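Hi,

Here is the structure for you to look through. My notes follow below it.

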Amino acid sequence: MSDLINITGITATGFHGVLPKERSDGQKFIVDAQLKVNLKDLKDNLEKTVNYAAVAELINGHIVGDPVLLIETLAENIAKSILKEFKRVRQVTIIVHKPEAPIPVAFSDVSVQIVRKR
């Protein structure tokens with residue numbers, strides 16, 4: 001049995017993208033994370049769960065950190081880091097939104113979703 005911790009809407013400016021303008025000017029990225037954990041016998045003890053503030057800071061660090069070309073790579077890097085740093089997380093779902101992507105038609109969002117587990 002697993003329980004879920006959801007963190008939605010982590011927003012920061014990053015310099016990810018294939019086009020030179022994306023890498024020089026930056027743009028908004030939004031990340032959602034779903035952490036599958038076991039919260040049975042939690043007993044109101046932070047040590048038996050995942051500190052979602054620390055997870056949010058880790059995600060923000062990837063958004064504002066070293067640029068990558070693809071949001072798929074950004075999602076993968078975030079997922080790997082969460083699984084490495086937070087041993088209680090059994091599975092992680094990451095969605096990276098790029099609402100200002102350079103697309104020549106009207107759109108509201110572009111996103112990629114990945115699921116990784118131990």
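**What turned up**

Alanine 33 sits in strand S2, residues 27-37 (strands, E, have at least two residues and helices, H or I, at least four; both are DSSP runs numbered from the N terminus). This is a predicted model, where local features need pLDDT of at least 70, side-chain atom pairs count only at pLDDT 80 or more, and totals for chains, interfaces and linings use all residues. Residues are numbered from 1 along each chain as its sequence is written, and side-chain values use heavy atoms, with hydrogens and water left out.

Alanine 33 has a relative accessible area of 3%, so it is buried (buried is under 20%, exposed over 50%, partly exposed in between, with a 1.4 Å probe and protein chains only).

Now look at histidine 16. It is in the loop between strand S1 (3-14) and helix H1 (20-25). Its relative accessible area is 0%, so histidine 16 is buried. A polar atom of its side chain lies 2.8 Å from the backbone oxygen of isoleucine 63. The histidine 16 side chain also reaches the backbone nitrogen of valine 68, at 3.1 Å.

Lysine 87 is in another setting. Its loop runs between helix H3 (71-85) and strand S3 (91-97). Is lysine 87 buried or exposed? Lysine 87 is exposed, because its relative accessible area is 56%.

Best wishes

Conventions. A polar contact is a pair of N or O atoms within 3.5 Å; within protein, one must be able to donate a hydrogen and the other to accept it, and residues adjacent in sequence count only if both atoms are side-chain atoms.
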